[in-house]
Amino acid sequence: MTLDDVADELYGLDPGEFVEARTAQVTAARENKDRALATEIGKLRKPTVVGWLVNLLARELPDEVDALLTLGEALRDAQRHLSGPDLRRLNTQRQQVVRALARKAGELAAERGRTVGEDALRDVGQTLHAALADAETAEQVRRGRVVTAASYSGFGPAGLSVVQGKTAKKTSTSEPATAPPADKPGKKSKKKPVERDRDAERAAAEAELAEVTSRAEEVRGELTDARTELEKARSTLTEIDHRIEELRAELEHAEQERQFTRNAEKASAEAVHRGERDLDAAERRVEEARRAVDDLG
């Protein structure tokens, strides 16, 4: 068994089962006289709940996760070429896909008897956003080896900052990876370092402008949707209030009818009582008259 095999097994487990399973794998490696493997297995970190949720997505929905990461490549390409319309379109698509996957992560956890809160699902979304911005994070997500939540600022090569736990990785196009070679005496530089830095800073600034413009469009769209929902809710509330008023009027009318009928019922009962009393008196007179006739022969 290789380290990859063990990692695949361990990072597919519930976090509560991780430590015990890792200990068992370390013991098994030692029993097989493979101390190097035992040491490497012992270094595997227990995933947080967020890491476990992302790993669940990678294992249960690999095609959807892969499609999201492919979208990240398209976003990075659009930013390199400063394509505003493409960035806005792809960013909108990114937000929709990430939200859908975060919801599915919650559903997958529920199927396994775990209830996760909105904060955890929000961190899942942030980790997926980070995977879109950083190739190494994307590979961890794709392989289902995420240990903890990741977050990012900016998007793409310019100003990338992916943070996992307390360790940060930053790359920037505003500074070269290595210092440029010094110009040889007697030769003029084709372009001064200051100018190169200025061009790099401008490219980074333009990329950042495209990103924040795209985000502003997203927020504007979300605000429009929220306003639409607010108007719908207010309209529905008005309709309900109107219906309540109608029902109250109907109830008041029904109570009036009930009182009228109650009065009629009382009057009818009194009339019946008088009729019964008058009938008794009439029947007594009839009986008296019959006896008088009988007495006369």
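Where is D14 found? D14 sits in the loop between α1 (3–10) and α2 (15–31).

## Basis

This is a predicted model: local features need pLDDT of at least 70, side-chain atom pairs count only at pLDDT 80 or more, and totals for chains, interfaces and linings use all residues. Residues are numbered from 1 along each chain as its sequence is written, and side-chain values use heavy atoms, leaving out hydrogens and water.

## The chain

The chain has nine helices and three strands. These are DSSP runs, numbered from the N terminus: helices are H or I with at least four residues, strands E with at least two. From the N terminus the order is α-α-α-α-α-α-α-α-β-β-β-α.

Of the 297 residues, 29% count as buried. Buried means under 20% relative accessible area (1.4 Å probe, protein chains only).

## Around D14

D14 is buried, with a relative accessible area of 18%. Its side chain reaches the backbone nitrogen of G16 at 2.8 Å. D14 also touches W52 and R114, not counting residues up to four places away in sequence. Contact here means heavy atoms within 4.5 Å.

## Helix α7

Helix α7 covers residues 118–133, 16 residues in total. From first C-alpha to last it reaches 23 Å, close to the 22 Å expected at 1.5 Å a residue. The expected span is 1.5 Å times one less than the number of residues. Buried residues of α7 include A120, L121, V124 and L128.

Methods: Buried < 20%, exposed > 50% of the residue type's maximum accessible area, 1.4 Å probe, protein only. Polar contact = N/O pair within 3.5 Å; in protein donor to acceptor, adjacent residues only side chain to side chain.
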